[in-house]
Amino acid sequence: MAEAQEAAEVAAIEAVMEQKVERGEPILQVRNLEKHFPLTQGILIKKQIGAVKAVDGVSFDLHQGETLGIVGESGCGKSTLAKVLMNLETATAGEVLYKGEDISKVSGRALKAIRRNIQMVFQDPYTSLNPRMTVGDIIGEPFEIHPEVAPKGDRRREVQDLLDVVGLNPEYINRYPHQFSGGQRQRIGIARGLALKPEIIICDEPVSALDVSVQAQVINLLEKLQDEFNLSYMFIAHDLSIVRHISDRVGVMYLGKMVEIGSDEEIYEHPTHPYTQALLSAVPVPDPEGREGRERIILGGDIPSPANPPSGCRFRTRCFKAQEKCAVEEPLLAIPQVFRGQDTPAAHESACHFAEDVDIVGATNGEA
Amino acid sequence: MGIHATEVTADAGRGRTADSEDAPLLQVKNLQVEFRTRDGVAKAVNGVNYSVRAGETLAILGESGSGKSVSSQAVMGILDSPPGFVTGGEIVFKGEDLLKLSSEKRRKIRGTQMAMIFQDALSSLNPVHTVGTQLGEMFRVHRGTSKSEAKKKAVELMERVGIPAAKERVNQYPHQFSGGMRQRIMIAMALALEPDLIIADEPTTALDVTVQAQVMELLADLQAEYNMGLILITHDLGVVADVADKIAVMYAGRIVETAPVHELYKRPAHPYTRGLLDSIPRLDQKGQELYAIKGLPPNLLRIPSGCAFNPRCPMAQEICRTEIPPLHAVTEADGAPIQGRGSACHFWKETIHG
Ligand SMILES: Nc1ncnc2c1ncn2[C@@H]1O[C@H](COP(=O)(O)OP(=O)(O)OP(=O)(O)O)[C@@H](O)[C@H]1O
Ligand SMILES: Nc1ncnc2c1ncn2[C@@H]1O[C@H](COP(=O)(O)OP(=O)(O)OP(=O)(O)O)[C@@H](O)[C@H]1O
Ligand code: SF4
Ligand code: SF4
Ligand SMILES: [Mg+2]
Ligand SMILES: [Mg+2]
C-alpha cells in the first residue's frame, strides 16, 4: 500500500517535471521559508535552549533561464537556504514551489526523481567528494541513479567530456580526490552538477577556490551551458564582481533574511539598503590605482548571533542610519514607499525604513 | 634537472632594501617536491626560491594546481608522504635547514614557531570535538594551561576573530558553523601561540568582502604587533593588493614572476601573469565573455619541455619549446635595475616593455 502511494507520488512529480515553463516565468517560488537549528544544552538529557535562525522567512522567485545571484555576509544563511531548496535539510516552515508544486516535503523516490532536474554544486570541495571513489565514479554517479540519461556504454566518454568541459585533463579519470588541488576538486563538483543537464543548478560558491583565469573559464562555461540548455541558476558567491557578471537579478541576504532584491543594475548602481551599500563599498579593487577616491563604508559592531537576532530591523546594530523606528518595527521586503509608482531603478524591493538611492563611488564605473 | 638557481629573490619589500643586514626569517632554496603515484611521478614543485623576513608579507599567486599548497606543506613539514617527497632544496628557517632536522624537532617548531591556516577549514577541524576544546588544546598541549583557563583563552580568541556570542558558541561543533566562521576559527587556532611565521592558504576565499576585510586587517594587525612573517596564498588579487609587500606568481611548480605589489599590476613581465590580470572580472564589465587563458593546465606527469607555459602562451617562439627560461632579473628598458623583479620568460623584455 505504501508502495502504491509512493509510486503515485513519483508519477505525480514526474508529471510536474514534464511541464514546460516559459522563459522568464517563475520555475521556483520560495515562500516564507524558514530553517531553524535547535540549540541544545546538556550531554545526557538534551534540552533545547533556543534555535539558530539560519533562514528566517525568505521569499523570492527564480525565473526560467535566469541567473539569480545571492550575496551576503558569511553565516547569513546562504548555504542553508541552498540545502533547504535541495531538500538536503528539511524546512522548519514555508514552501518551495517547483512549477507550482510544493517540493519541500517530498522524500524517498519522488525526491530522487526531482534531483534529475535540480542539482547542486557544493561550497566545500573537500568534504563533498567521497575520498574512496575515483573522479570518474564521482562524476558518473548521477548516471547510476538516472541511467536513462546516458547508456552504460557511453558513460566513460560522457565523463571524459565533462572533465574536458570544466578544464580538467580527461586522463585524470582514474584518480582520487586527494590527488587534486582545491581548485581542481571544485571543478570535479561542477562536472558532477552538470552531468544530468538539469533544469536548475544551485551553485554554492562554485568558483571561489579557483584562480581568476580558471574562474573566467568556468563562468564562461556556465553561461554557455545556460544558453544552450536554457538552465536556471541560483548562484551563491561573495565575489560581487563575479555575481554582477553572471547574474540577471541579485538578492542580498543578512542574518537569515533577504534584505534587497532586484536586477543587477538596480542592485549595483542603485542600491537602497544600507547593508548593500556597505557591501559594495568594501569590494577590493585589484588595481591599486583604481582604488583611490573610493570611500569605504566600514561596518561597526559584530555580526549578531542568528540565535538571538536584534528586534525590528536585524541590521540596526551595525547600520549607520539606524533610528528609533528601526528597533521597534521590522521593515518588510517591498518597494520602499518613497519610490513607489516612480519610474526609477531605485524602485525595487528593499527592506529598509529609510531606503535611499546612493551611488557607491567606484562600484559603478570605477570613475570617482 | 630543473635547477635554475638564477637567484633573484624578491627581497624588495616596502621601505626595505635588498641589502639590509637582517637575515630572512625563512628562505626556501630550489625546493623540489614530487608525488610518486601509480601512473608515474607528478612533479608538483620544481625548484622554488623565495624568502620572507619578519614583519613582511609575501603573497603567492598562481594557477590552481601549480604547487602553492604543496610547497607550503613542505615548508611546514606536513607533506603527505608517501606519495609526496621532497627531492631537493633547502628550507632555512631562522638560520637552520629544516630538512636536516629530526621529525621530533620539526614537530616542536611547527607547534610553536610556525603555523598554517589551511585552505580546507572544515576537514582540518575535528568534527567530534567542540571548537572550544580544539582551540583550548593548543594552550593545554604547548603551554600546559589548565582546562578552565584554556577555555577562557579559547573564548578570547574567538572574540578576537569576530565570532559573535563566543561564550555560547565555544561549546558547539564545527559543522554548526558557517564556512566563513570555520575559517575564522582556523585563523584563531594559528594565531593562538603567536608564531613567528604564518602560512595562510587562502584564508579568505570562504569569506564575504566585509569579513574578508576584517580578517585581513586582523591578520595584518597581529602581524605588525608580533612582527610575524606572513606567507599569503590567494587567488584574490584585490586582497593581495591590500596587504602584500611582494608577490610571487607560480605556474607548474615554478615561480615564474616576482615583483613588489604595485609593480606587478602596472606592468607584468610574464605572459602568464598578464593573462591572469586580464582575467579579473570587473564590476563595470558586463555582458561580455570573460577573458581566460586558453588551454588546459599542464599534466604534471608530463610537463611540457622548455617553458611549461608554452602550449598556452600567445608569445611562444621556437626557443620556448626547447629551453627552460631561468628567472631573469627584470630591468627598465634602459637597463636600470628594478628591485625585486624577476621573470622566467625568454621574452620578458618584450612582455614588459612592449
Ligand atoms: N547543522 C547546523 N546546526 C546549527 N547551526 C547551523 C548548522 N548549519 C549552519 N548553522 C548556522 O546557520 C547559520 C547560517 O549558516 P550558512 O552555512 O547557511 O551560512 P552561509 O551564508 O552559507 O555562510 P558562508 O558564506 O560562511 O558559507 C550560521 O550561523 C551557522 O553557524
Ligand atoms: N597526493 C597526490 N598525488 C598526486 N598528485 C598530487 C597529490 N597531491 C597534490 N597533487 C598535485 O600536485 C599539484 C599541486 O597541488 P597544490 O595543492 O599545491 O595546488 P595549488 O597551487 O595549491 O592549487 P589550488 O589553488 O587549486 O589550491 C596539483 O596538480 C595536484 O594534482
Ligand atoms: S531599517 Fe533602519 S536599521 Fe534597518 S537598514 Fe534601514 S535604516 Fe538601517
Ligand atoms: S618563455 Fe616563451 S612560452 Fe614561456 S612565457 Fe615566455 S614567451 Fe611564453
Ligand atoms: Mg555557505
Ligand atoms: Mg591550494
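User: Which residues come nearest to ligand 4?
Analyst: B:Cys307, B:Cys313, B:Cys320, B:Cys345 and B:His346 come nearest, out of 13 residues around ligand 4. A residue belongs there if one of its heavy atoms lies within 4 Å of the ligand. Before we go on: this is a predicted model, where local features need pLDDT of at least 70 and side-chain atom pairs count only at pLDDT 80 or more, while totals for chains, interfaces and linings use all residues. Residues are numbered from 1 along each chain as its sequence is written, chains are lettered from A and ligands numbered from 1 in the order in which they are written, and side-chain values use heavy atoms, with hydrogens and water left out.

User: OK. How does the shell around ligand 4 split by class?
Analyst: The shell around ligand 4 has ten nonpolar, three polar and no charged residues. Here Ala, Val, Leu, Ile, Met, Phe, Trp, Tyr, Cys and Pro count as nonpolar, Asp, Glu, Lys and Arg as charged, and the others, Gly among them, as polar.

User: And what comes nearest to ligand 3?
Analyst: Ligand 3 has 13 residues around it, and the nearest are A:Cys313, A:Cys319, A:Cys326, A:Cys352 and A:His353. Its shell divides into nine nonpolar, two polar and two charged residues.

User: Switching to ligand 2. Where does ligand 2 lie?
Analyst: Between chains A and B. There are 24 residues around ligand 2, with A:Gln179, A:Ser181, B:Ser64, B:Gly65 and B:Ser69 coming nearest. By class, the shell around ligand 2 has six nonpolar, 14 polar and four charged residues.

User: Which atoms of B:Ser64 lie 2.7 Å from an oxygen atom of ligand 2, and what else is there?
Analyst: For B:Ser64, a polar side-chain atom sits 2.7 Å from a ligand 2 oxygen. B:Lys68 has a side-chain N or O atom 2.8 Å from an oxygen atom of ligand 2.

User: How much of ligand 2 does the protein cover?
Analyst: The protein covers 95% of the 650 Å² of accessible area that ligand 2 has on its own. That area comes from the Shrake-Rupley method with a 1.4 Å probe.

User: Which elements give two or more residues to that shell?
Analyst: In chain A, helix H6 (182-194); in chain B, strand S1 (26-37) and helix H1 (68-76). Helices (H or I, at least four residues) and strands (E, at least two) are DSSP runs, numbered from the N terminus.

User: What does A:Glu199 touch?
Analyst: Not counting residues up to four places away in sequence, A:Glu199 touches A:Met17, A:Ile27, A:Tyr98, A:Lys99, A:Asn117, A:Leu231 and A:Ser232. Contact means heavy atoms within 4.5 Å. The side chains of A:Glu199 and A:Lys99 are joined by a polar contact of 2.9 Å. A polar contact is a pair of N or O atoms within 3.5 Å; within protein, one must be able to donate a hydrogen and the other to accept it, and residues adjacent in sequence count only if both atoms are side-chain atoms.

User: Where's A:Glu199 placed?
Analyst: In the loop between H6 and strand S7 (200-204) of chain A.

User: What's the phi of B:Ala165?
Analyst: Near 50 degrees, a positive value in a residue other than glycine. B:Ala165 lies in the loop between helix H5 (147-160) and helix H6 (166-169) of chain B.

User: Last topic: how far apart are the centres of domain 1 and domain 2 in chain B?
Analyst: Taken over C-alpha atoms, 31 Å. Domain 1 of chain B is 1-113 + 196-210 + 223-282 + 289-354, and domain 2 is 122-194; the bounds come from an automatic or database domain assignment.
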